[in-house]
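Student: Please take me through this structure. I would like to begin with the strands.

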Amino acid sequence: KVFPYRYAALQGQAETAGLRPAYELGFDAENVGGTGDFSGAGGAELTIALSSVIEMGDKRAARQGVISHSRSVLNASRQVESLALLGEVTRRYVDVLAAQEQVTLAGEAAQLASESLRIVKKRATAGATPEAEVKRAQAAAEQAKLALLSEQQRLAYLKVSLSALWGVTSPDFDKVEGDLFQFGEDVAFDLLYAKVEKNPAIEVFAVESRLKEAEIRLAQTQSSADISWSVGVRRLQETDDTALVAGFSMPLFSGKRNVGAVSTALAEKNQVLAERDVMLLDLHTQLFRAFHNR
């Protein structure tokens, strides 16, 4: 349910990234409220100007590229979350199925203990069994009842845990169906690991790597200095004349000042590749253990 909100947030960022630099309207007053000839507003110079920035280095396309790859990362993350949720549903379902069998076994054990107690009491009445054996049988029967109660409570908890996955606090089912002894056909380890390498949990590193490449391009565009420009009209209050004014400016040595940002982006991309290798090793170990346990 949270992913539509994440997509909406990215859409908002995409709209912002696609915006061109804003225009600014400025007003400037000079030679006002001074002394001598510049007292009052008689010698004032009033300027009204329109200004903005010309982005260099294709920064707008670079920003849009980052958002586009962020959307790809979100898609991959959604697949990972979906598989994780499916795995959790399967695990809790199997837990409930196993707990049902444990309750059945505990019930049979309690019934057997009660039957044993009845037989021991009968033999004790006939004088064939000492009273101590009766007490041991009673203890065993009570322990069996406690074990049955414990398994029933555990089953109730596991059913609540399973139904919580679809947003229900009170289970609307009595039991689940399934066979714990249907294992399916064996699959070679190499074939299983080949599937692991194509798992979304690994693919997400590929899309994250492309996102980092887009961030590198964005960082590199910052090395191209933007040009600030302005154009307007100036009025000379003393002579009642007007004139056009224009200007531009740009920062110097912006490329050198941006070396650190580019280095940071490159390091973050290399980190993603290293994390992918670690994840593959970890998944290989987990799969190897699960394969041989099976």
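Tutor: Two strands pair if DSSP finds at least two bridges between them; helices (H or I, at least four residues) and strands (E, at least two) are DSSP runs, numbered from the N terminus. This is a predicted model, in which local features need pLDDT of at least 70 and side-chain atom pairs count only at pLDDT 80 or more, while totals for chains, interfaces and linings use all residues. Residues are numbered from 1 along each chain as its sequence is written, and side-chain values use heavy atoms, with hydrogens and water left out.

Student: Which residue in β4 does Arg-234 stand opposite?
Tutor: Arg-234 stands opposite Ala-243 in β4. Another bridge to β4 pairs Trp-229 with Phe-248.

Student: How many bridges join β3 to β4?
Tutor: Nine bridges link β3 to β4 (residues 241-249), and the two strands run antiparallel. Their hairpin has four residues between the strands, and Asp-240 takes a positive phi near 60° there.

Student: And what joins β2 to β3?
Tutor: Ten bridges join β2 (residues 45-54) to β3 (residues 227-236), again in an antiparallel run. Ala-49, for instance, has Gly-232 in β3 as its bridge partner.

Student: In what order do the strands form the sheet?
Tutor: The order is β1-β2-β3-β4, four strands in an open sheet with antiparallel pairing. β1 (24-30) and β4 each have a single partner strand, so one side of each is left without a neighbour in the sheet. On average, neighbouring strands are turned by 20° against each other, direction ignored.

Student: Now the helices. At what angle do α2 and α3 pack?
Tutor: The angle between α2 and α3 (residues 131-163) is about 165°, and their axes are 8 Å apart. Axes are lines fitted to C-alpha atoms, for helices over the stretch in contact, and angles run from 0 to 180 degrees between N-to-C directions. The two helices are therefore roughly antiparallel to each other, a term for angles over 145 degrees. Among the residues of their contact, 22 are nonpolar, seven polar and eight charged; Ala, Val, Leu, Ile, Met, Phe, Trp, Tyr, Cys and Pro count as nonpolar, Asp, Glu, Lys and Arg as charged, and the others, Gly among them, as polar.

Student: What does Ala-62 touch?
Tutor: Not counting residues up to four places away in sequence, Ala-62 touches Arg-217, Leu-218 and Thr-221, where contact means heavy atoms within 4.5 Å. The C-alpha atoms of Ala-62 and Ser-223 are separated by 13 Å, although these residues are 161 residues apart along the chain.

Terms used:
Parallel < 35°, antiparallel > 145°, perpendicular 65-115°, else oblique.
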